[in-house]
Each structure stands twice: as C-alpha cells, then as structure tokens.
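Q: Please take me through this model with its cut-offs in hand. I want each label set against the rule behind it.

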Amino acid sequence: MIDTHTHINCIDDFSIDEILKNASDNGVEKLIVPSAYASDIDIVAELASKYENVYGLLGVHPSEVKDWTDDLIDKIKECAKSPKIVGIGEIGLDYYWDKSLNDLQKEVFIKQIKLANELNFPISVHDREAHKDSFDILTEFNKNSIVIMHCFSGSVEFMHECVKQGWYIAIGGVVTFKNAIKMKEVAKGVPLDKLLIETDAPYLTPVPYRGKTNQPAYVKYVAEEIANLRNTSFEEINEQTTKNAKLVFKI
C-alpha cells in the first residue's frame, strides 16, 4: 500500500521512526508527505531526503495563504530538484473557516497550479466547501498536471465530473464512518483506475481507531472498507491503488 497523503511531521504521539515501522509492519511501503505551511517546506524536503520510503509534496494549504510570498516559488523549485519531491501540495480552496481569505486563496491556488505545470508535477488539491470554484480554476488554469482530489468530500455526481477530467479521487478514513453515506457511495462508484487511498494523518482517523491519533499504518482500514463496499478483495484494492499511486507520483 501507499499512503498518498499523510502529515507525519504533525503526528505528536509517535516518533518518525515509530511511524515508519508501524507503517511497514502493516504493509504500507511508501508515504507521500505534503507540506501545509510555508514553514513546512524545508521540513518535508528534509524528511523525504532522509527516509528512503518517504516522498514529499511542496505547497501552501489554502488556510495558510496569508503566509504566502512569491519567494516560495523559487524555494520550491530548488527543493524540487530532488527526485524525492514528487508533486505540489497540498493546495486548493477551503471556504469552511475564514471566507475573508477566499480571493487570496484563489490567487495563491492559481500560482501554485502554474508552478506545478512548469515542473510537470501532479497537484494534490484540498477542496473543502469550494467544489465549483476548485473545479473552475483547475479546468481553466491547469494545463498538464495530474490532479488528485485529496480527501474527496463531494457528491457522486461531482466525483464523476472530476473523473471525466482525468482526475484521481483520493479517499481517506471518512469512508469508514458509519454515517458517511455519501462517501461510501463515492467509494463504490469511482473507477478503480482513478482511485487512491490516504490517511491525512494525524487527522480523520478511520474506524476502529476513530477518536485517536491517525497514522499511515491505518490506511489499510480505508482499503478494507472500500473492498467491502465494492464486494471485492482487499488485495484488488491494494494492488490497483498502489499501481495508481506509482503512476501518478512516478515512484
């Protein structure tokens, strides 16, 4: 398995070595770690450099765009010379918390899309309560980057619109929640060749550990739930999502 979105630098309950051992013991062979804050960029780049099975995405989360400066473009380009940096993320729009930042979020999102296009990198997109604007910006400004809709939270209909664009749908621990009816329908309907799995650790911990700190080892519960929903085997979900992740991130 490959956990395609995990913030291991934000997990306080375990050391990095413990996180990686727990992941390996549970069949997770590679981790993709995105930056969220401008201050995370160096941290993620260092983690990817230090650990063989850790790869990095660099970018600024929409809720942190107030800390964006255009100097970060050159910084990310420099870090991206490393083969362990494999994409731009997590970037996008989040209209849940502070709507006063919406215009700035759009501006920074577009800049980071253009950066990803220049580097020919995939984009890990955070889209929270901003489906239309996220979709419109991506379809207008993204020219050549593979798009991953991280922690997908839209409807089945929106999922199909994204898939029509060739985008990937990344599903995390929410799919294991009893009342996550919409997410379960998405998991049933997404084409297997467009499916990725993730934890978004330390957040959104799947059942049976809901309420505790998430970690990459728990991505297996996401795969198991998707397999159950689709009436297929864990092995099929594992094999196909791993294949997809290796294709998307070129690892």
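**Labels and their cut-offs**

A: By the grid rule, the count comes to 2 cavities of 30 Å³ or more. This is a predicted model: local features need pLDDT of at least 70, side-chain atom pairs count only at pLDDT 80 or more, and totals for chains, interfaces and linings use all residues. Residues are numbered from 1 along each chain as its sequence is written, and side-chain values use heavy atoms, with hydrogens and water left out.

Q: What makes a space a cavity, and what makes it a pocket?
A: The search uses a 1 Å grid over the protein atoms alone. A cavity is a set of points where a 1.4 Å probe fits but cannot get out. A pocket is an open set with protein on both sides within 12 Å along at least five of seven lines. Grid points are joined across faces, edges and corners, and a volume is the space filled by probe spheres set on the points.

Q: What is the volume of the largest cavity, and which residues line it?
A: Its volume is about 40 Å³. Lining residues have an atom within 4 Å of a point. For the largest cavity these are Cys151, Phe152, Ala170, Ile171, Gly172, Val174, Val175 and Met183.

Q: How much space lies in the largest pocket, and which residues lie nearest its centre?
A: About 490 Å³. The lining has 21 residues, and His61, Glu90, His126, Asp200 and Tyr203 lie nearest the centre. Strands β4 (85-94) and β5 (123-128) each supply at least two lining residues. The largest share, 3 residues, comes from β5. Strands (E, at least two residues) and helices (H or I, at least four) are DSSP runs, numbered from the N terminus.

Q: Why is Cys162 called buried?
A: Buried means under 20% relative accessible area, exposed over 50%, and partly exposed in between (1.4 Å probe, protein chains only). Cys162 has 0% relative accessibility, so it counts as buried.

Q: What makes a set of residues a nonpolar core?
A: The members are buried Ala, Val, Leu, Ile, Met, Phe, Trp, Tyr and Cys residues, joined through side-chain atoms within 4.5 Å. The largest core here has 72 residues. Ile8, Met149, Phe152, Ile169, Ile171 and Ile226 touch the most other members. Apart from it lies another core, of 12 residues, among them Ile2, Val86, Tyr168 and Ala170. In soluble globular proteins, nonpolar side chains tend to be buried together.

Q: Which residues is Phe152 in contact with, leaving aside neighbours within four places in sequence?
A: Contact means heavy atoms within 4.5 Å. Phe152 meets Phe158, Met159, Cys162, Ile169, Ala170, Met183 and Val186 on that rule.

Q: Why is Thr241 called buried?
A: Its relative accessibility is 3%, so Thr241 falls in the buried class. Thr241 lies in helix α9 (residues 234-249). Beyond four places in sequence, Thr241 touches Leu195, Leu196 and Ile197.

Q: How do you know that the side chain of Thr241 makes polar contacts?
A: A polar contact is a pair of N or O atoms within 3.5 Å; within protein, one must be able to donate a hydrogen and the other to accept it, and residues adjacent in sequence count only if both atoms are side-chain atoms. A polar atom of the Thr241 side chain lies 2.7 Å from the backbone oxygen of Ile237. The side chain also reaches the backbone oxygen of Asn238 at 3.3 Å.

Q: Buried or exposed: which is Asp200, and which is Lys250?
A: Asp200 has a relative accessible area of 9%, so it is buried. Lys250 has 64%, so it is exposed. Asp200 sits in the loop between β8 and α8, Lys250 in the segment after α9.

Q: What is phi of Asp200 and of Lys250?
A: Phi is near 60° for Asp200 and near 55° for Lys250. Most residues other than glycine have a negative phi, and most peptide bonds are trans.

Q: Where are cis peptide bonds found?
A: One joins Ala201 and Pro202, with omega about 10°. Another joins Val207 and Pro208, with omega about 15°. Pro202 lies in the loop between β8 (195-197) and α8 (219-230); Pro208 lies in the loop between β8 and α8.
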